[in-house]
Amino acid sequence: MSARDLLDSKAKDEVSQAIRELETKTSAEVVVAVRAVSGHYRHTDWLVGFVLSFAAVCVFLFHPAPFDDDLLPVEILLAFALGGFISANVPPLRRALTSRRLMAENVRRAARAAFVERGISRTRGRTGLLIYVSTFEQRVELVGDIGLDFEALGDDVSVARRRIEASVENAGGRAAFLAALGDLGAALGRSLPRAEDDENELADEVEA
């Protein structure tokens with residue numbers, strides 16, 4: 001799933017509607033944040049650039065055809081730049097060569113920062129829930145306030161949470177993400193049903 005899948009005008013409307021429907025079933029206050037990327041992975045670009053420049057040196061040393069020695073430094077530099085450019089612009093390659101642990105840590109850190117910056121902890125019942133989607137890393141992080149203990153909320157909430165994660169990690173697309181939001185609303189509603197005096201305390205729009 002790309003960030004565009006959740007950030008074009010139609011997608012925003014559909015996600016906002018899904019949030020409103022979800023909140024009719026539960027006291028949880030849900031915010032969806034979408035980011036294209038949550039960290040800097042320039043070291044991966046440099047690695048690809050290094051490998052390509054090393055390959056250029058090997059060709060220069062071992063290929064039987066004669067090469068102009070004067071152009072070697074420029075050719076190595078161009079090979080390095082080309083490798084970095086390819087890595088930076090081909091997300092599957094960059095993702096495959098980047099540590100999964102580093103990507104998970106970056107998404108987790110960015111999600112927690114967004115939770116604080118968005119003021120999600122300021123709800124009356126402390127039931128704010130941030131669903132943070134980072135599309136480059138293909139990861140979703142759910143950050144709940146102290147009123148949302150995922151372990152105590154039961155297996156249904158855990159299953160719904162895994163479906164949201166799978167909808168992004170497995171390229172399920174917007175439809176799968178919206179369906180997973182519906183599942184989460186139903187699961188939260190059974191464990192944390194909406195109270196009569198609940199108010200909508202956080203905006204339902206997708207935060208980019």
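Which residues does Phe177 touch, not counting residues up to four places away in sequence? Phe177 touches Met1, Leu6, Val15, Val32, Ile131, Val133, Ile164, Ser167 and Val168, where contact means heavy atoms within 4.5 Å.

The structure is a predicted model, in which local features need pLDDT of at least 70, side-chain atom pairs count only at pLDDT 80 or more, and totals for chains, interfaces and linings use all residues. Residues are numbered from 1 along each chain as its sequence is written, and side-chain values use heavy atoms, with hydrogens and water left out.

**Nonpolar cores**

A nonpolar core is a set of buried Ala, Val, Leu, Ile, Met, Phe, Trp, Tyr and Cys residues joined through side-chain atoms within 4.5 Å; buried means under 20% relative accessible area, exposed over 50%, and partly exposed in between (1.4 Å probe, protein chains only). The largest such core has 32 residues, of which Val15, Val32, Leu129, Ile131, Ile164, Phe177 and Leu184 touch the most other members. At least two residues of this core come from each of α2 (9-23), β1 (29-35), β2 (128-134), β3 (139-144), α7 (155-169) and α8 (173-191). Helices (H or I, at least four residues) and strands (E, at least two) are DSSP runs, numbered from the N terminus. The largest share, 7 residues, is supplied by α8. Val31, Ile120, Val143 and Leu202 are included in a second, separate core of 12 residues.

**Annotated spans**

The unreviewed UniProt entry lists residues 46-65 and 71-93 under "transmembrane region". UniProt positions are given in the numbering used here, feature names are shortened, and annotations may be inferred rather than shown by experiment.

| Span | Helix | Strand | Distance between end C-alpha atoms |
|---|---|---|---|
| Residues 46-65 | 85% helix | 0% strand | 29 Å |
| Residues 71-93 | 91% helix | 0% strand | 29 Å |

**Residues with positive phi**

Most residues other than glycine have a negative phi. Arg126, which is not a glycine, has a positive phi of about 55 degrees. Arg126 lies in the loop between α6 (100-117) and β2 and is partly exposed, with a relative accessible area of 32%. Gln138 also has a positive phi, near 55 degrees. The loop between β2 and β3 holds Gln138, and Gln138 is partly exposed, with a relative accessible area of 24%.
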